Amino acid sequence: MRVVAWFIGGSLLYAGAMATRALFFHHHPSTMPWWIGGVAFIAGELLIHLLLLARGEPSVYNSHG
């Protein structure tokens, strides 16, 4: 369920960033698909949690976060 929330959140953040870019800089919409933001956000979250786990910090994957 967490990965689904990350995907939706990342997709919405990406869409918002592209809309802001188009609004302020008069760029055409990106040719990248909308779901790329979700995939990138998931990859970032997994990397962050892997680094936390490697350092022994609390994380959702070691039941301390």
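**Close-ups of two packed helices**

**View 1. The buried residues of helix α1 pack against helix α2.** Buried here means under 20% relative accessible area, exposed means over 50%, and partly exposed lies in between (1.4 Å probe, protein chains only). Who are these tucked-away residues of α1? They are Trp6, Gly10, Ser11 and Tyr14. This is a predicted model, where local features need pLDDT of at least 70 and side-chain atom pairs need 80 or more, while totals for chains, interfaces and linings use all residues. Residues are numbered from 1 along each chain as its sequence is written, and side-chain values use heavy atoms, with hydrogens and water left out.

**View 2. Here's how α1 and α2 sit together: they pack at an angle of about 125°.** Their axes (lines fitted to C-alpha atoms over the stretch in contact, with angles from 0 to 180 degrees between N-to-C directions) are 7 Å apart. That makes α1 oblique to α2. Helix α1 covers residues 2–25, and α2 covers residues 36–55; helices are DSSP runs (H or I, at least four residues), numbered from the N terminus.

**View 3. Zoom in on where α1 meets α2.** On the α1 side you'll find Val3, Trp6, Phe7, Gly10, Ser11, Leu13 and Tyr14. Across from them, α2 brings Ile36, Gly37, Gly38, Val39, Phe41, Ile42, Glu45, Leu46 and His49. Contact means heavy atoms within 4.5 Å.

**View 4. Look at His49, which lies in helix α2.** His49 is buried, with a relative accessible area of 12%. Setting aside residues up to four places away in sequence, His49 touches Trp6, Ser59, Val60 and Tyr61. Trp6 is one of the buried residues of α1, and it also takes part in the meeting of α1 with α2.

**View 5. Now for Trp35, in the loop between α1 and α2.** Trp35 is partly exposed, with a relative accessible area of 39%.

View 6. Met18 is partly exposed, at 23% relative accessible area. Between the C-alpha atoms of Met18 and Phe41, 23 residues apart along the chain, there are 15 Å.

Definitions and conventions
Angles under 35 degrees count as roughly parallel, over 145 as roughly antiparallel, 65 to 115 as roughly perpendicular and the rest as oblique.
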